[in-house]
Amino acid sequence: MGKSQQQRIYRTDQSPRSVAGAAVLITGAASGMGAAAARLFADEGAWVAVTDRDADGARRVADEILQAGGMAHAWPLDVADREAVNAVVADVAERFEGLDCLINNAGVSSYTDIDGSDYEDVWERSIAIMLVSIPRAVRAALPALRRSPFPRILNIASTEACMASSRLSPYAAAKAGVTGITRSLAVELGREGITCNCILPGPIETGLTQDIAEENKLVFSRKRTALRRYGRPEEVAHIMLSLCLPAASYITGAVVPVDGGMMIRSH
């Protein structure tokens, strides 16, 4: 029997520092932080739903996990498509016989001037993919999360939610909205034991930053971050894992910077 047909087993008496046997759905998991998280959760024994609009990329990540001995399955998913979100979340919960962790990671970044001809299109795309998709995914996942012994919702925002860069207002608005909905859902769902937290990645080596010249990255990181460098996707993934552990049962509504000290550095 292949791994995709194996029965998922989660022991309620296992270590609170383990996600072995947990079912985890990650959006935007074909590359960058999402792919790093998928690999890390699988390495820790979780069953991972690798979802992305890039269907080929999602399959590549899932295949890498399977070849390494982990458990993963890929689903093509455009998080801006309501029907697709509902269908995929339901399929994941059925295939994995439940869902313990929902990680809303999908994102896009497009620079545009406020008076640019493409501004309205960029705005609508940014809000749809990075903000509207979150309550949509949560609503779809809630029936399965409510059956989990440790239900976790984790949203990925950005330091742009709290800081400002020129020509990124649609992105910044969406990410600021993510922090707000995280806090509100944490309060609303807390009575059910469902935690909802948020990570603010800073300058990270991902596809969203790959077009920035290396010398510019070096100058920026030395001037702006306490650690004087860009972060790696794996460094964000480890914080994702920490916030999804069974042990993370008394932290909710948190907005956690993973930015190399950028937000605290004054000079």
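Predicted model: local features only at pLDDT ≥ 70, side-chain atom pairs only at ≥ 80, totals over all residues.
User: Is arginine 152 buried or exposed, and how does one judge that?

Analyst: The general idea is to compare the relative accessible area with a cut-off, since a residue counts as buried under 20%. Arginine 152 has a relative accessible area of 3%, so this residue is buried, and its place in the fold is strand E5, which covers residues 152-156.

User: Which residues does arginine 152 touch, once those up to four places away in sequence are not counted?

Analyst: Leaving out such neighbours shows what the fold itself brings into contact with a residue. Arginine 152 touches, among others, Asp100, Cys101 and Leu102, as well as Leu145, Gly193 and Thr195; the list also includes Leu243, Cys244, Leu245 and Pro246. Tryptophan 47, for its part, is 105 residues apart from arginine 152 in sequence and 15 Å apart in space, C-alpha to C-alpha.

User: How is glycine 107 to be read, and where is it found?

Analyst: Glycine 107 is found in the loop between strand E4 (101-104) and H4, and its relative accessible area of 36% makes it partly exposed, because that class lies between 20% and 50%. Beyond its neighbours within four places in sequence, glycine 107 is in contact with Ile129 and Met130, while glycine 28, 79 residues apart in sequence, is 6.8 Å apart in space, C-alpha to C-alpha.

User: Which residues form the negative surface patch?

Analyst: A patch joins like charges that lie within 9 Å. Here the negative surface patch is formed by Asp118, Glu120, Asp121 and Glu124, and glutamate 124 is found in helix H4, residues 119-145.

Methods: Residues numbered from 1 in each chain as written. Heavy atoms only, no water. Patch = residues over 30% accessible without salt bridge, like charges linked within 9 Å, V, L, I, M, F, W, Y side chains within 5 Å. Areas by Shrake-Rupley, 256 points an atom, 1.4 Å probe, with all protein chains shown as cover. Salt bridge = Lys/Arg side-chain N within 4 Å of Asp/Glu carboxyl O. Lys, Arg positive; Asp, Glu negative; His and termini not counted. Charge placed at Lys NZ, Arg CZ, Asp CG, Glu CD. Helix = DSSP H or I, 4+ residues; strand = E, 2+ residues; numbered from the N terminus. Buried < 20%, exposed > 50% of the residue type's maximum accessible area, 1.4 Å probe, protein only. Contact = heavy atoms within 4.5 Å.
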